[in-house]
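The sequence and the model are shown first.

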Amino acid sequence: MKFVTLTQNAKITHDIKPLYVKSFPITERIPFWLFKSKAKKSYVDLVSVYDEKKFVGFMYLIYDKDLVYVLYLATSLRRHGYGSKILGELKKRVPGKKIFLNIEALDDTAANAKQRMRRKEFYENNGFVDSGIRVCEATMEMETMSYGGIVTESDLEVVLKKYLGTALFKMFIR
């Protein structure tokens, strides 16, 4: 697997944008111009993932000290093991750091209840644990999962405020 960051090759967004739009509902996406602009910050990595020369997915990572927040992770081919391979490679690249992310909270009444359960099981199968943190992002209840140590609400707040700024954080996170 080959990881290519935006700082290494600005053209990776041509592969990423269609998958970003396909994989995340509009309510969970930030505008693509902002997505790209923020990815140029020193504490953000937009990573395109290739198997040989074939594009297989991307990650959007935000860093702060010993924390790595996975804002987005998507694969272009599901059920081929790429998600697990990408996470495995990420774990090797950031040893000793806590990796965490938000997923839609489990809700038996949600239209995508089975998808939510499969997503949580996927992360659990990759060593992530439920941190017990629940936040509302825009209009969606999310739960925080972590690998390499439990993260706190303060950790999540620090990373998201760093990325969004205080004003946007207050608008979109509750």
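## Basis and element order

Helices (H or I, at least four residues) and strands (E, at least two) are DSSP runs, numbered from the N terminus. On that basis the elements of the protein follow the order β-α-α-β-β-β-α-β-α-β-β-α-α from the N terminus on, with six helices and seven strands.

The model is predicted: local features need pLDDT of at least 70, side-chain atom pairs count only at pLDDT 80 or more, and totals for chains, interfaces and linings use all residues. Residues are numbered from 1 along each chain as its sequence is written, and side-chain values use heavy atoms, with hydrogens and water left out.

## Confidence

The predictor's confidence in each residue, pLDDT, runs from 0 to 100. The protein averages 92 on this scale, and 99% of the residues score at least 70. Among the elements, β4 has the highest mean pLDDT (97), while helix α6 (residues 166–172) has the lowest (75). Where pLDDT is low, the predicted coordinates should not be read in detail.

## Overall dimensions

The C-alpha trace spans about 40 × 35 × 35 Å along its principal axes. The radius of gyration is taken over C-alpha atoms, and the globule rule is 2.2 Å times the number of residues to the power 0.38. For 174 residues a compact globule would have a radius of gyration near 16 Å, and the 15 Å of the protein agrees with this.

A residue is termed buried under 20% relative accessible area, exposed over 50%, and partly exposed in between (1.4 Å probe, protein chains only). Buried residues make up 45% of the 174 residues. Of the contacts (heavy atoms within 4.5 Å) with a separation of 6 or more, 56% join residues 24 or more positions apart.

## The sheet

Strands of a sheet pair through backbone hydrogen bonds, either parallel or antiparallel; here two strands are taken to pair if DSSP finds at least two bridges between them. Seven strands form an open sheet with mixed pairing, in the order β1-β2-β3-β4-β5-β7-β6. Its edge strands, each pairing on one side only, are β1 (2–5) and β6 (129–137). From one strand to the next the twist averages 30 degrees.

Strands β1 and β2 are antiparallel and share four bridges, with K2 opposite Y50 in β2. The antiparallel pair β2 and β3 is joined by eight bridges, and S48 stands opposite F58 in β3. These two strands form a hairpin with two residues between them, and E52 in the turn has a positive phi of about 60 degrees. Six of the eight residues of β2 are buried, so this strand is largely enclosed by the rest of the structure.

By contrast in direction, β4 and β5 run parallel and are joined by four bridges; V68 stands opposite I99 in β5. On to β7 (residues 140–147), β5 (residues 98–104) pairs antiparallel through six bridges, and E104 stands opposite M142. Seven of the seven residues of β5 are buried, so β5 is largely enclosed by the rest of the structure.

## Helices on the sheet

Axes are lines fitted to C-alpha atoms, for helices over the stretch in contact, and angles run from 0 to 180 degrees between N-to-C directions. Helix α4 (residues 113–125) lies across β4, β5, β6 and β7, and runs at about 170 degrees to β5.

## Nonpolar cores

A nonpolar core is a set of buried Ala, Val, Leu, Ile, Met, Phe, Trp, Tyr and Cys residues joined through side-chain atoms within 4.5 Å. The largest has 35 residues, of which I16, Y20, F35, L46, F58, Y60 and Y72 touch the most other members. Two or more residues each come from α1, α2 (32–38), β2, β3, β4, β6 and α5 (153–164); α5 gives the most, with five residues.

Leaving aside residues up to four places away in sequence, Y60 touches residues including L34, F35, L46, Y72 and Y163. A second, separate core of 20 residues includes F3, V70, L87 and I99.

## An exposed loop position

S42 lies in the loop between α2 and β2. With 79% relative accessibility, S42 counts as exposed. Its C-alpha atom is separated by 19 Å from that of D155, a residue 113 positions away along the chain.
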